[in-house]
Amino acid sequence: DFFIVSEVRLSPTALPGVELSKEIEGLQVLVSRVGGQKCTRCWVYDPKVGEGPGLSPVCPRCQEAIAVIQAEGRS
């Protein structure tokens, strides 16, 4: 949520293909596509999209949100 991306991994060591930041000393960034399908509710790509029982193809986070909404009797 903080980065508004599908996935973020923080690593204390450099990874192959990483670029050095020009603005922040010591910061290294690697950008790549994440696997999985796009959630129809929040548009985040997640490998677990559609694995929930009886739900449209949504991610686990949206499955939880939908369950809470349904439990509260909201539609």
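This report describes a predicted model of a protein chain, its confidence and some of its side-chain features.

## Basis and confidence

Residues are numbered from 1 along each chain as its sequence is written. In this predicted model, local features need pLDDT of at least 70 and side-chain atom pairs count only at pLDDT 80 or more, while totals for chains, interfaces and linings use all residues; side-chain values use heavy atoms, without hydrogens and water.

The mean pLDDT (the predictor's confidence in each residue, from 0 to 100) of the protein chain is 82, and 96% of its residues reach 70 or more. Confidence is highest in helix 1 (residues 60–71), with a mean of 91, and lowest in strand 1, with a mean of 79. Helices (H or I, at least four residues) and strands (E, at least two) are DSSP runs, numbered from the N terminus.

Phe 2 is exposed because its relative accessible area is 74%, whereas Val 5, at 43%, is partly exposed. Here buried means under 20% relative accessible area, exposed over 50%, and partly exposed in between (1.4 Å probe, protein chains only).

The C-alpha atoms of Val 5 and Val 44 are 7.2 Å apart, although 39 residues separate the two along the chain.

## Aromatic rings

The charged end of Lys 38 sits over the ring of Trp 43, at 4.3 Å from its centre. This arrangement requires NZ of Lys or CZ of Arg within 6 Å of the ring centre and within 35 degrees of the ring normal.
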